[in-house]
Amino acid sequence: SKDGLAVKDPSGKQSIKVAMLLPLKKDDEPRGNTSFLEFYQGTLLAMEDLKADGISANVSLYNTSRTHNEVRKIVESPDFADTDIIIGPVYEECLAPVIEYAEYNGAAVVSPLAVLESENSPLLYQMAPAMGDKYDKVKEMFSEGRHVIYINSSSPDEEMDREVKPLLPQGYREYTFTGDVRSAASAMQNLIDRRGDNVFVVSCTNELAVAQILASISSAQN
């Protein structure tokens, strides 16, 4: 039975060994995944806070891609031995080798982003909120009295479209950004409600286009 499993107390160690498993880079993505890099940077900042409290941690970063076999190679490598805390992997289908390691060695596994459906263990800690909680939080942004403007683009965020659009209130306005900042700024002036709060939802995965859309909104507000 797994009921008796518990995380080993690392307090007697001079430094806690932390492993981060993130899908940082693929061959077809030379710049890497900036979202996961930012998550890594945020974790390092949190570790600095722990250091100020007298807790020392040695953090190792591993690139997992999105394959079960790659994760298994990582946890079976000599460098991974004696790891106390494992943050990741991001995708649930890659978790099994990590849980096996944790249950054999008494390590804690923190799933930072995935919403887990099938994997479970007394040593597994899920940090991502349930989908229902996330949707409730989004709904708060669209509370009564707020004017919602949904901005489409030629590079839409299809996942956000599926999740957010059903939550939009009746009477929301929609605009499609075509790349012309001046034209967009002019259109925004007619879409903004000057009498109350405005909420902009931008469906776009192109960083340059997002910056242009934000510039258009700023220009219209000014």
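Strand β6 and strand β8 (residues 198-202) run parallel and are joined by 5 bridges; two strands count as paired if DSSP finds at least two bridges between them. Strands (E, at least two residues) and helices (H or I, at least four) are DSSP runs numbered from the N terminus. The model is predicted, so local features need pLDDT of at least 70 and side-chain atom pairs count only at pLDDT 80 or more, while totals for chains, interfaces and linings use all residues. Residues are numbered from 1 along each chain as its sequence is written, and side-chain values use heavy atoms, with hydrogens and water left out.

Strand β6 (residues 147-152) is mostly covered, with 6 of its 6 residues buried (under 20% relative accessible area with a 1.4 Å probe, protein chains only; exposed is over 50%, and partly exposed lies in between). In a regular strand, side chains alternate between the two faces of the sheet. In β6, H147, I149 and I151 point one way and V148, Y150 and N152 the other, and all are buried.

Strand β6 also pairs in the parallel sense with strand β7 (residues 173-176), over 4 bridges. Here, I151 has Y175 as its bridge partner. The chain passes from β6 through helix α5 (residues 158-164) to β7 in a right-handed β-α-β crossover, meaning that, with the strands pointing away from the viewer, the path from the first strand over the helix to the second runs clockwise.

Turning to open space, the largest pocket holds about 540 Å³. Of the 19 residues that line this pocket, S35, D157, E159, M160 and T205 are the closest to its centre; lining residues have an atom within 4 Å of a pocket point. Helices and strands giving two or more residues to the lining are α1 (34-52), α4 (131-141), α5 and β8. The lining divides into 10 nonpolar, 3 polar and 6 charged residues.

The largest nonpolar core has 19 residues, of which L21, F80, I86, V98 and V109 touch the most other members. Such a core is a set of buried Ala, Val, Leu, Ile, Met, Phe, Trp, Tyr and Cys residues joined through side-chain atoms within 4.5 Å. Two or more residues come from each of β1 (16-22), α2 (68-75) and α3 (96-105), and α3 gives the most, with 4 residues.

Notes
1 Å grid on protein atoms, 1.4 Å probe; cavity = no way out; pocket = protein on both sides within 12 Å on 5 of 7 lines; lining within 4 Å. Points joined across faces, edges and corners; volume = space filled by probe spheres on them. Nonpolar A, V, L, I, M, F, W, Y, C, P; charged D, E, K, R; others polar.
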